[in-house]
Amino acid sequence: MLQLSGNKIRRRAASLEDLERGEQGILEALDLPEDEARRLMELGFIPGSRVTAGMSAPGGDPRVFQVDGSEVALRRETAARLRVRRRAAEEVR
Amino acid sequence: MSCRDCEACAATAPVQTAGKALVAAIVGPPNSGKSTLFNRLTGLRQKVANFPGVTVEQHTGEMTLPDGREILLIDLPGIYSLTPRSEDEQVAHDVLKGLREDTARPEAVLLILDSTNLGRHLMLAAPVLSLGIPTLIVLNMADDLRSRGGEVDTAALARQLGAPVLLVSAREGEGVDRVVEFLAGAPAAPRPVELPVLSDVPKCRAWAGRVGSKAAYLPPAPPKWTRRLDAVFLHPVAGPLIFAAVVIAVFQAMFTGAAPLMDGVKTVVAWSGQWVGSVLPDSTLRSLLVEGVWGGVGSVLVFLPQILLLFLFLGVLEDSGYLARAALIADRTMARVGLQGKSFIPLLSAYACAVPAVLATRTIENKRDRIATILIAPFMTCSARLPVYTLIIAAFIPNRPLAGPLLGSRAAAMLGLYLLGFLAAVFTARMLKSSVLKSGRAAFVLEMPPYRRPTLHSLGLRLYDRAKLFLRRAGTVILLVAVAIWVLSHLPLDRGKAPKIEQSLAGTIGRTIEPAIKPLGFNWKIGIGLITSLAAREVIVGTLGTIYGMEGEAHSEGLQAALQRDLTPGGAAALLVFFAFAMQCMSTMAVVRRETGGWKWPAVQFAYMSALAWVGAFAANRIAGLL
């Protein structure tokens, strides 16, 4: 896991799974085998892109994420492997 | 290429025998409206859906240009890139590179991209343009782009990409004439432009972003209505309730709504059969036509209204975008048996008929999940089982109220049989998904398309296509088997006349297999019924009618009495269980063979279901015998 303690901006190592509904994050890395990571990247999950957590199925899994102009649903186990940097609410315009 | 090769090509590919017909391919990401444009251009059969990856197959259609020339259009599967990793990408890659023997290399490409999501969709332009084939870039969903306040400068985009660009709305038919103009003109190879390294997705995306911004692309506002509708359809409480309501509505339509239509078809078939019978003189030919052909084909035709109604519902669900939400809601439940949300709708369809269900599995991209879904679909209680269940239940279970007026004993027995099939499916899915069809950790990814209003054009084409497919595939198989059964039960001739059923070939076969089915409580007459019902389950009703010397369903009271004489209660229970589990449907087997690309899976499925049916029926016979 990425250790970011000591950084001035309060950043926590988080994954898409940790995002609340409506919360945004900047994608940092995809901890997935190359083929799967590529497929998700083709759908817009490219490191550096902004991902917003959206609605979900009952029970919170799978969840829809808004990324690069489209909405893609991921299961929790996949979402947990996409590392994001959380954006605080005030950061979000 | 040698002359022999040319001849071989000409023989296998009608494309090339059609003289100077131009071959063009339609390429695009899933949900870009490829199939809608294909329908607009060819007016031919092609499934249109609002669900990622629906076009797993390659569809072709012909169109005539204003000057009379013919064009063969190939609708390639929806893809995000040309890197051949999935089956879809492999097919698209091979066709575009001319690597497939069955398909001529396209001389022109229509690259369809969603104009409301151009940043991401433009990524596909890089590998397609690098092929050097004359390409028209079609930016679809112009109506959505405008209404949501997006913009793009097509002329600037054409300069950036070195290929012509059109903004169209395939759904509304806007700009489609200009696509035809492109094909009618002399399409030129794209002007070489700087393209990114194709294997590097982030670089491709950055390139697409730069190209878009140089073409003054202004992405549209998020789809407001989609967000609003999702707030309802994916609401933690309302969502599942609406989902349940939709499922119940589909069921009601299939069983209650279709009933008058099915009765209508039945009446027409019976009436026309009688007419044929009255016109022809009493002869072997008349018997073959009326009992063999009419009876056999009629038994299939009856299901047509139900199947069309199901596909109308599925079409509305798919084209509107709700199907993706239904898959999302169902995913967690389906995951418990190792499947996924996309398996849900095919399995629901299987309650009408396994044939459309198997076809509907095309929306499942993961091959193992798809095969598992295909393998369990026939366990769902399809409507062909109903005549059998109804007959046996009516003959053996007295109608007593169990829970007041709400649930009678017969209805409970019927529900029990539905549950039995469902449990067999769950058991089988678990077994398969924890062994031979265990999926790797391949991520479950479901793109949620915006909600759209389904068009009559697309729904109409879909129903036409399904009706044709069903009538042709199921009809031919059933017709052949119906004739074969007629022959078996009318030969060998006894002094020029048809023999008694027990002396016929069918009777001989029935007695031959009797030892194998005796432990289940079945005699040789049921045995004949089991054999004839290999064609289609409900055929056993007609066969038993013939065997007991009656004219089938018209005398169902008599048939019930005959069955009560011939079957013990244990045997009746065994027969019900047998029908719940056994794979007695040639149409399904034919479709499974086609969809899985060989006889391996239908053979496995048949063997497994037969074994399960035998064991289940044996147990049912013993248990019911004790009561």
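This is a predicted model: local features need pLDDT of at least 70, side-chain atom pairs count only at pLDDT 80 or more; totals for chains, interfaces and linings use all residues.
Now pick out B:I26. Opposite B:I26 stands B:D75, in β3 of chain B.

**The whole sheet**

Chain B has an open sheet of 6 strands here, with mixed pairing. Walk across it in the order β2-β3-β1-β4-β5-β6. Which are the edge strands? They are β2, residues 59-64, and β6, residues 165-167, of chain B, and each pairs on one side only.

Select residues 154-161 of chain B. This is helix α8, which packs on the sheet and touches β5 (135-140) and β6. The direction of α8 makes about 150 degrees with that of β6.

Move on to residues 176-184 of chain B, helix α9. Which strands does α9 touch? Helix α9 packs on the sheet against β1, β3, β4 (108-114), β5 and β6. Its direction makes about 175 degrees with that of β5.

**Confidence**

Colour chain B by pLDDT. The average is 82, and 89% of the residues score at least 70. Select residues 1-18 of chain B: pLDDT stays under 50 there, and the model has 13 contacts beyond four places in sequence for them. Then select residues 47-56 of chain B. Here too pLDDT stays under 50, with 43 contacts beyond four places in sequence.

Finish with the complex. The predictor gives it an ipTM of 0.84 and a pTM of 0.79.

Methods. Residues are numbered from 1 along each chain as its sequence is written. Chains are lettered from A and ligands numbered from 1 in the order in which they are written. pLDDT is the predictor's confidence in each residue, from 0 to 100. Two residues are in contact if their C-beta atoms, placed from the backbone, lie within 7 Å. Two strands pair if DSSP finds at least two bridges between them. Helices (H or I, at least four residues) and strands (E, at least two) are DSSP runs, numbered from the N terminus. Axes are lines fitted to C-alpha atoms, for helices over the stretch in contact, and angles run from 0 to 180 degrees between N-to-C directions.
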